[in-house]
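Visitor: I'd like to learn how to read a few features in a model like this one. Could we start with charged side chains?

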Amino acid sequence: MTRRFLKIFFTVLAGWLAGFGCLKADSTNPAPDFKEVYELLRANLPGATDASLNRAAVAGLVSQYPGKVELVGGAADGAVAASGEKALSQAALIENNVAYLRVSRVTAGLGAELSDAARTLTTSNKVAGVVLDLRFAGGEDYAAAQMAAGLWTDKKSTRPFGGPLVVLVNGGTHGAAEMLAAALRPAGAALVIGSPTAGTAVSFKEFVLKDGDRLLIAMAPVKTGGQTIPADGLKPDIAMIVNPDAERAFWRNPYVMKAQTADATKATTNSFLPYVDRTSEADLVRQKQKDGKLNNLPDPTRPMRVPARNTGDADDDDSASAPAAESPKLVLRDPVLVRAVDLVKGLAVMRGPRP
């Protein structure tokens with residue numbers, strides 16, 4: 001019974017929204033009166049209260065405008081301020097000399113966090129270039145996006161990192177993160193690779209509600225460099241289309257060993273990339289063993305067992321003479337990140353001094 005009433009409630013809510021022009025409705029079949037259905041739910045639905053029905057109605061209404069309407073907490077910095085998360089979720093040196101910076105959300109503190117990461121990573125390391133990962137990143141602070149982009153595009157400021165900059169984007173890149181990528185590209189400061197962004201970079205007008213929450217309503221598309229970010233998203237310079245599930249797994253852990261199938265990694269450019277230059281000797285030996293060849297070779301990632309020598313000396317400890325097992329080398333498996341790292345290193349060589 002509960003499921004039946006909820007189904008009726010959201011069906012009626014959709015019809016009510018259609019009356020305001022947000023959905024296409026059949027004028028010959030008008031929706032039932034919203035207030036009537038609301039009262040019936042409140043009177044007959046077990047556990048239904050004014051507060052719960054009101055919240056359900058608001059959530060249903062907002063959900064009809066993805067990317068155009070957002071309901072966020074009362075803090076000025078939105079959900080990020082409420083959870084205490086930083087704008088920059090990861091900053092590390094990968095593949096020996098490439099700075100990897102992952103943005104979770106574009107907020108007012110992003111520029112400062114990028115500068116701090118630069119000081120930390122370049123203090124004792126020679127950095128060839130930067131990979132700025134904006135996949136699955138969002139935000140509504142477009143001023144912060146412009147400020148962060150200015151670290152690379154403003155001729156009066158000192159760039160936080162030397163060397164080339166490659167920006168990663170995908171369908172999960174939305175809002176202010178799209179603007180950050182768009183602001184870096186026209187200035188020639190970055191090369192953008194990945195898949196088209198969400199196309200939700202719009203300016204919002206903020207309305208503070210009675211309970212302190214903020215309702216953000218999209219008013220107009222955002223422009224950067226005199227150009228509007230298209231509704232179908234920002235197109236990358238180099239397109240790489242990856243299966244969404246595989247991409248999410250690689251994004252969480254770029255070193256994860258993902259089964260390679262016809263659908264796992266579909267790249268429009270260099271689809272063979274995950275197999276080239278990233279396979280270690282250990283991988284090759286394991287593949288040979290799997291194919292029935294080199295059956296007598298040990299697994300190179302496991303500790304080598306040294307047979308005990310029967311010397312008759314009880315005090316002899318043969319384990320001390322056994323060679324220590326080497327830790328297997330981490331190998332990047334994320335095809336988009338692999339491409340970005342190769343581009344950074346290649347561009348660094350081309351731009352640097354050559355013999």
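Guide: A salt bridge here is a side-chain nitrogen of Lys or Arg within 4 Å of a carboxyl oxygen of Asp or Glu. Behind that is a simple idea: side chains of opposite charge can pair when their charged atoms come close. Keep in mind that this is a predicted model.

Visitor: Got it. How many salt bridges does the structure hold?

Guide: Nine. Take Arg119 and Asp116, whose side chains meet at 2.1 Å, N to O. Both belong to helix α5, residues 110-122, and they are three residues apart, about one turn of the helix.

Visitor: Is Arg119 buried or exposed?

Guide: Arg119 has a relative accessible area of 51%, so it counts as exposed, the cut-off being over 50%. Asp116 comes out at 40%, so it is partly exposed.

Visitor: Where do Arg42 and Glu39 lie?

Guide: Both are in helix α2, three residues apart, about one turn of the helix.

Visitor: Now rings. How do I read an aromatic pair?

Guide: Check the distance between ring centres, then the angle between planes: under 30 degrees is stacked, over 60 is edge-to-face, and the rest are tilted. There are two aromatic pairs in the structure. In one of them, Phe34 and Tyr38 have ring centres 6.1 Å apart and planes at 40°, so the pair is tilted. These two also lie in helix α2 (residues 34-44), four residues apart. Tyr38 has 16% relative accessibility, so it counts as buried.

Visitor: And what lies over the face of Trp251?

Guide: Arg102, at 4.5 Å from the ring centre. Likewise, the charged end of Arg248 sits over the ring of Phe136, 3.8 Å from its centre.

Visitor: Last one: in what order do the strands of the sheet run?

Guide: The open sheet has three strands, ordered β1-β8-β7, with antiparallel pairing. At the edges are β1 (69-72) and β7 (202-208), each pairing on one side only. Neighbouring strands are turned by 30° against each other on average, direction ignored. Four bridges join β1 to β8, residues 214-221, and Val69 stands opposite Ile217 in β8.

Key
Residues are numbered from 1 along each chain as its sequence is written. This is a predicted model: local features need pLDDT of at least 70, side-chain atom pairs count only at pLDDT 80 or more; totals for chains, interfaces and linings use all residues. Side-chain values use heavy atoms; hydrogens and water are left out. Two strands pair if DSSP finds at least two bridges between them. Axes are lines fitted to C-alpha atoms, for helices over the stretch in contact, and angles run from 0 to 180 degrees between N-to-C directions. Rings of Phe, Tyr and Trp (its six-membered ring) pair if their centres lie within 6.5 Å; planes under 30 degrees apart count as stacked, over 60 as edge-to-face and the rest as tilted. Buried means under 20% relative accessible area, exposed over 50%, partly exposed in between (1.4 Å probe, protein chains only). A charge sits over a ring if NZ of Lys or CZ of Arg is within 6 Å of the ring centre and within 35 degrees of the ring normal.
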